[in-house]
Amino acid sequence: MNSRTAQSTYRLQPEGKSMHGRIVRELGLAILAGDLKPGDRLPAEAVLLEKYDVSRPVLREAVRVLVAKGLVVSKQRSGAIVRPRNEWHLLDPDVLYWLIQTKPQPEFVSTLLTVRRVFEPAAAALAAKAATEDQIEAIAEAFSGMAAARTTEELLEPDLAFHRRIAEATNNDLLAYIGNMLSLALRESIILSSQVPNTHELSLPRHKAILTALRNRDALAARQATLVQLEETGDDLSTLLPGVNLA
């Protein structure tokens, strides 16, 4: 599969046009990269006002955005303080972008594969039992889109939809939300793995096995087929990034 997209949109985020967006992004990246550590205070308001040449309301709104993302807590007289890492909203789209940008690729991919191994097989098993017929057909429609794709650009959306619709087919609102939020990270994984020769042709039968298990309402087979797909994905990614941990 030839692709301009595969020439790594990985780790890239569209630049915000506003100064407010720039402040949020630069401070967010500094926190995710560890330049500002948990317990650290953000630079003094006067320093940031001078650096960005903005009004106090604009700066304070940017800090409020970071508070909403779980990255800092604003305390009277103490300023904004970086929160512990386990309190960050890592599935927030912006925070996840910053995580992708600041983590070394092998480390990020290893983290993502671990999350997928925990989440996707269980979601597929539940969907095999809980999905409506319309939901199964929606998953089948996404698979048809994958099969018809000839470029990575054409593959991305149906592949993402295939996995997202399985999460939705659990009919569990929290699992559906997690599946939707993981789409951003999964997008980067698909773009990266598409650089492996013949990966699309090889992955189609594995996705079809998942769909067949769902149609048969076979939870065990759905779980197993998903695990096989993830193992093969891990093997593909490890050929590109030797540091990927498949344990």
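## Order of elements

From the N terminus on, the elements of the protein chain run α-α-α-β-β-α-α-α-α-α-α-α-α. That comes to 11 helices and 2 strands, where helices (H or I, at least four residues) and strands (E, at least two) are DSSP runs numbered from the N terminus. The C-alpha atoms fill a box of roughly 60 × 35 × 35 Å, taken along the principal axes.

This is a predicted model, in which local features need pLDDT of at least 70 and side-chain atom pairs count only at pLDDT 80 or more, while totals for chains, interfaces and linings use all residues. Residues are numbered from 1 along each chain as its sequence is written, and side-chain values use heavy atoms, with hydrogens and water left out.

## Confidence

The mean pLDDT (the predictor's confidence in each residue, from 0 to 100) of the protein chain is 89, and 91% of its residues reach 70 or more. Among the elements, confidence is highest in helix α6 (residues 133-148), at 97, and lowest in α9, at a mean of 83. Over residues 2-14, pLDDT stays under 50. For this stretch the model has 34 contacts beyond four places in sequence, a contact being heavy atoms within 4.5 Å. Where pLDDT is low, the predicted coordinates should not be read in detail.

## Burial and cores

Of the 247 residues in the protein chain, 47% are buried. Buried means under 20% relative accessible area, exposed over 50%, and partly exposed in between (1.4 Å probe, protein chains only). Of the contacts with a separation of 6 or more, 74% are accounted for by residues 24 or more positions apart.

The largest nonpolar core has 37 residues, and Ile31, Leu42, Leu71 and Val72 touch the most other members. A nonpolar core is a set of buried Ala, Val, Leu, Ile, Met, Phe, Trp, Tyr and Cys residues joined through side-chain atoms within 4.5 Å. Two or more residues each come from α1 (19-33), α2 (45-52), α3 (56-68), β2 (79-82), α4 (93-102), α5 (105-130) and α9 (183-193). The most are given by α1, with 7 residues. Not counting residues up to four places away in sequence, Ile31 touches Leu36, Leu42, Leu71, Val72, Val82 and Trp88. Another core, of 30 residues, lies apart from this one, and Phe162, Ile191, Ala222 and Ala225 are among its members.

In α2, the buried residues are Leu48, Leu49 and Tyr52. Seen down the axis of α2, they fall within an arc of 100°, so they line one face of the helix; the arc is that of the directions from the helix axis to the C-beta atoms. These buried residues pack against α1 and α3. Ala46, Glu50 and Lys51 are exposed on the other side of α2.

Arg41 lies in the loop between α1 and α2 and counts as exposed, at 52% relative accessibility. Leaving aside neighbours within four places in sequence, Arg41 is in contact with Leu36, Ser78, Ala80 and Ile81. A polar atom of the Arg41 side chain lies 3.0 Å from the backbone oxygen of Ser78. In the loop between α2 and α3 lies Asp53, which is exposed at 69% relative accessibility. Phi of Asp53 is near 55°, a positive value in a residue other than glycine. Most residues other than glycine have a negative phi.

Helix α11 (residues 219-240) has 22 residues and reaches 32 Å from its first C-alpha to its last, close to the 32 Å expected at 1.5 Å a residue; the expected span is 1.5 Å times one less than the number of residues. Its buried residues include Ala219, Ala222, Ala225, Gln229, Thr233 and Asp236. What covers the buried residues of α11 includes α5, α9 and α10 (199-215). At the start of α11, a side-chain oxygen of Asp218 reaches to within 3.3 Å of the backbone nitrogen of Leu220.

Arg206 is in helix α10 and is buried, with a relative accessible area of 14%. Not counting residues up to four places away in sequence, Arg206 touches Val228, Gln229, Glu232 and Asp236. The C-alpha atoms of Arg41 and Ala222 are separated by 48 Å.

Key:
Polar contact = N/O pair within 3.5 Å; in protein donor to acceptor, adjacent residues only side chain to side chain.
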